[in-house]
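Q: I would like to learn how to read strand pairing and a chain interface. Can we go through a case step by step?

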Amino acid sequence: MHPALSVIFFTVVSGAGFGLYSLTAILQLFRLGPAMDRSELLSALITAFVLIVAGLISSTGHLANPKNAWRSFMRVKTSWLSREAVLAVIFFPFALLYLLGVYLYGAHVPVFFGLMGVIAIVLGFMTVFATGMIYACLKTMRQWNTPLVPANYLLMGLTLGALFHLAIEAYYGANLQFIIGVAGTALVMTGVMKGIYYFWIAKTSGPSINTATTFTRATVRLLDVGHTAGTFLTEEFGYRVEPGRLKLLKTAVFALGFILPLILIVVAGAADGGAFALTVFAVLSSLAGKGVERWLFFAEARHVVNLYHGAQHT
Amino acid sequence: MRLGLVIDLDTCVGCHACAVACKQWNTSGTTGPLTDYRPYGADPSGVWFNRIRHYEVGDYPNSKTINFPMSCMHCEDADCVTVCPTGASYKRKEDGVVLVDQTKCMGCNYCSWACPYGARELDRESGTMKKCTLCIDRIYDETLAEIDRQPACVITCPAHARFFGDFDDPDSEVSRLVRERDGMQLMPELGYNPTNRYLPPRINTPIPTEDVRRDSLVGKVKEWVNKAVAR
């Protein structure tokens with residue numbers, strides 16, 4: 001699959017935003033970890049909003065005909081893309097009401113605003129789940145057609161959210177032990193999940209050139225594709241990465257996305273000063289790693305239409 | 001009604017006439033124009049509803065060249081319709097034809113991702129998704145003679161390898177062909193239940209040629225004369 005930068009930016013950044021929003025609201029509403037004051041909460045929630053909105057705006061970048069984008073709310077009954085769009089929009093009123101509650105009352109929000117926060121948390125998770133399902137529901141790409149994909153999207157969002165939260169707490173000089181524990185656990189879990197995913201997709205399965213052409217009792221070889229230059233199909237689905245580069249990029253995913261941030265936040269917890277700088281580096285490193293991860297998610301997906309252009313198996 | 005095509009892989013000669021006829025008809029049809037990019041450049045490209053690929057099936061000397069025309073299969077369980085967020089992609093209840101409403105499409109490519117057959121192509125000029133309409137503006141045109149109310153690809157095929165009809169009618173030509181010659185679906189394991197069917201090559205016993213080639217006396221004389229003249 002051709003990796004579209006706008007979609008990569010959208011899924012990583014808005015995923016991080018939803019993760020940060022949900023995690024902050026959970027920690028505050030369920031009184032987990034050290035108490036946060038009004039300014040810490042506001043910083044975290046507003047950062048989350050900025051990330052979500054930036055991501056959503058970027059998501060329209062890959063549309064060939066954006067003037068019809070408003071119609072994408074029309075098919076909630078069948079389309080995960082439509083569900084995601086609707087959920088992302090419904091999230092805002094509830095999330096903004098909770099933000100208003102925090103703005104007015106600080107850490108001790110009244111029950112009504114707390115309830116709005118809980119609904120926003122659920123909607124945030126549902127939105128990220130729907131983003132994952134956009135890909136996981138496609139039977140044409142076995143690398144996407146697995147429950148590991150929405151699980152991965154949710155965990156990635158939570159991990160980045162936890163790292164952002166950690167950086168904001170570090171900025172205010174709060175006690176970091178608890179949130180380092182949360183972010184560390186999230187990093188390890190997401191890293192393991194990503195490892196499982198890479199293991200899972202390494203095995204070839206699904207349609208082959210034989211079922212694609214009905215000739216299941218003989219070898220089938222492409223003689224000619226019937227066109228002299230690239231087509232929409234070869235441009236959109238024919239994207240290939242060299243195996244050597246693939247390995248390098250996968251190493252980068254784990255090194256930048258999980259291992260380096262984990263080391264940085266552990267050091268940040270132990271060090272006397274400079275915790276904020278270290279956590280910012282952890283966020284940046286993890287963002288870079290997850291950008292590469294999302295790029296690979298697209299670049300590695302093999303659409304079955306490639307079978308007709310010479311691939312023997314997807 | 002369940003309209004669709006039957007394509008005979010035995011008689012298709014791979015001449016691309018169906019693709020050209022399709023492009024010609026539909027570029028001025030309901031979803032046209034079908035844009036051409038760099039038509040006079042080094043790498044001309046463009047939107048086509050119908051593409052023909054060529055494969056070698058089996059190993060030499062028991063191999064055969066198969067020409068493989070592919071357009072929209074008008075699937076019974078069309079994921080391109082269910083995934084579409086705008087409702088631009090739809091399947092007509094009355095005849096099962098899958099169409100794209102050009103006024104609603106936002107060009108997100110999602111339907112093309114969902115289609116395993118590569119039947120949908122984004123028109124980069126209009127920013128909308130285009131696909132085979134089964135010549136919807138032709139097959140229902142009552143000003144045309146009955147015999148002309150068929151898709152352009154079917155009418156033009158010089159090898160008569162394409163058939164159009166209603167698969168719900170057991171007496172239609174397409175139903176009969178599928179029944180008699182084991183019409184196959186492409187990638188049935190994905191569960192899209194494509195309407196279009198492909199007829200496998202007929203298994204023919206080779207025609208013996210030894211006796212045909214045996215030379216007569218006249219033949220031998222002709223051969224000698226030919227050789228002599230050639231020198």
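Q: How many bridges join strand E1 of chain B to E10(B), and do the two run parallel or antiparallel?

A: Strands of a sheet pair through backbone hydrogen bonds, in a parallel or an antiparallel way. Note that this is a predicted model. Here strand E1 of chain B, residues 3-8, is joined to E10(B) by 5 bridges, and the two run antiparallel. As an example of one pair, B:Val6 has B:Phe163 in E10(B) as its bridge partner.

Q: In what order do the strands of this open sheet in chain B lie?

A: The order is E10-E1-E11, an open sheet of 3 strands in chain B with mixed pairing. Its edge strands are E10 (162-166) and E11 (197-199) of chain B, each of which pairs on one side only. From one strand to the next, the twist averages 25°.

Q: Which helix packs on the sheet?

A: Helix H6 of chain B, residues 173-181, does so, and it touches E1, E10 and E11 of chain B. The direction of helix H6 makes about 115° with that of E10(B).

Q: Now the interface. What area do chain A and chain B bury between them?

A: The size of an interface is often given as the accessible area lost when the parts come together. For chain A and chain B that comes to about 4,700 Å², with 60% of it on carbon and sulfur atoms. On the side of chain A, the residues that lose the most area to chain B are A:Lys139, A:Phe232 and A:Tyr308, together 15% of what that side buries.

Q: How many residues of each chain are in contact?

A: The contact involves 60 residues of chain A and 58 residues of chain B.

Q: How many salt bridges and polar contacts cross the interface?

A: The rule finds 3 salt bridges and 29 residue pairs in polar contact. The side chains of B:Arg124 and A:Glu235 meet in a salt bridge, at 2.6 Å from N to O. Several elements of chain A each supply at least two residues of the side that touches chain B, among them helix H3 (80-105), helix H4 (111-136) and helix H8 (232-237). The residues of that side divide into 33 nonpolar, 20 polar and 7 charged.

Q: Which strand of chain B is joined to E1(A)?

A: Strand E4 of chain B, residues 51-57, is joined to E1(A) by 4 bridges, and the two run antiparallel. Within this pairing, A:Asp224 stands opposite B:His54 in E4(B).

Definitions and conventions
Residues are numbered from 1 along each chain as its sequence is written. Chains are lettered from A and ligands numbered from 1 in the order in which they are written. This is a predicted model: local features need pLDDT of at least 70, side-chain atom pairs count only at pLDDT 80 or more; totals for chains, interfaces and linings use all residues. Side-chain values use heavy atoms; hydrogens and water are left out. Contact means heavy atoms within 4.5 Å. Buried area is the accessible area (1.4 Å probe) that two parts lose on being put together, summed over both. A salt bridge is a side-chain nitrogen of Lys or Arg within 4 Å of a carboxyl oxygen of Asp or Glu. A polar contact is a pair of N or O atoms within 3.5 Å; within protein, one must be able to donate a hydrogen and the other to accept it, and residues adjacent in sequence count only if both atoms are side-chain atoms. Ala, Val, Leu, Ile, Met, Phe, Trp, Tyr, Cys and Pro count as nonpolar, Asp, Glu, Lys and Arg as charged, and the others, Gly among them, as polar. Two strands pair if DSSP finds at least two bridges between them. Axes are lines fitted to C-alpha atoms, for helices over the stretch in contact, and angles run from 0 to 180 degrees between N-to-C directions.
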